Amino acid sequence: LTPTGSTSTKVELRGNVLLLECIAAGLPTPVIRWIKEGGELPANRTFFENFKKTLKIIDVSEADSGNYKCIARNALGSVHHVISVTVKAAPYWITAPRNLVLSPGEDGTLICRANGNPKPSISWLANGVPI
């Protein structure tokens, strides 16, 4: 079985294509099956290649992080491997701040919501000076 051992890790960036490979040998030739532990494979973004030896998930997000198990089985037995996947993300806007025009003495609110993995810190500056 490749990768060797019972577990391995993989890090991918948000928005990229996640490729996981699992190659097994046996006679009769084993059939490969993929599952996501504690969840479902994303139905509209999951593809299998190379006789299911490769699991391909397009446009990955942080929700795709988790443990993926490939199981190779034939009539004589089975073997499995767990790949722990972490999806990292550069900071991205959930709600980007918008320009605000105010009259003197008028109150206003600026909203800034961002996410990423690791979680980004948000700081506010006025004319380049921290508030």
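The model is predicted, so local features need pLDDT of at least 70 and side-chain atom pairs count only at pLDDT 80 or more, while totals for chains, interfaces and linings use all residues. Residues are numbered from 1 along each chain as its sequence is written, and side-chain values use heavy atoms, with hydrogens and water left out.

**Fold and overall shape**

- The chain holds zero helices and ten strands, where helices (H or I, at least four residues) and strands (E, at least two) are DSSP runs numbered from the N terminus.
- Its radius of gyration, taken over C-alpha atoms, is 22 Å, well over the 14 Å that the globule rule (2.2 Å times the number of residues to the power 0.38) gives for 131 residues, so the chain is more spread out than a compact globule.
- Along the principal axes, the C-alpha atoms fill a box of roughly 80 × 25 × 20 Å.

**Contacts and burial**

- Of the contacts (heavy atoms within 4.5 Å) with a separation of 6 or more, 53% are accounted for by residues 24 or more positions apart.
- Buried residues, meaning those under 20% relative accessible area with a 1.4 Å probe and protein chains only, make up 26% of the 131 residues.

**H81**

- H81 is found in strand β7, which spans residues 77-95, and this histidine counts as buried because its relative accessibility is 0%.
- The side chains of H81 and S8 are joined by a polar contact of 2.8 Å, a polar contact being a pair of N or O atoms within 3.5 Å; within protein, one must be able to donate a hydrogen and the other to accept it, and residues adjacent in sequence count only if both atoms are side-chain atoms.

Notes: Buried < 20%, exposed > 50% of the residue type's maximum accessible area, 1.4 Å probe, protein only.
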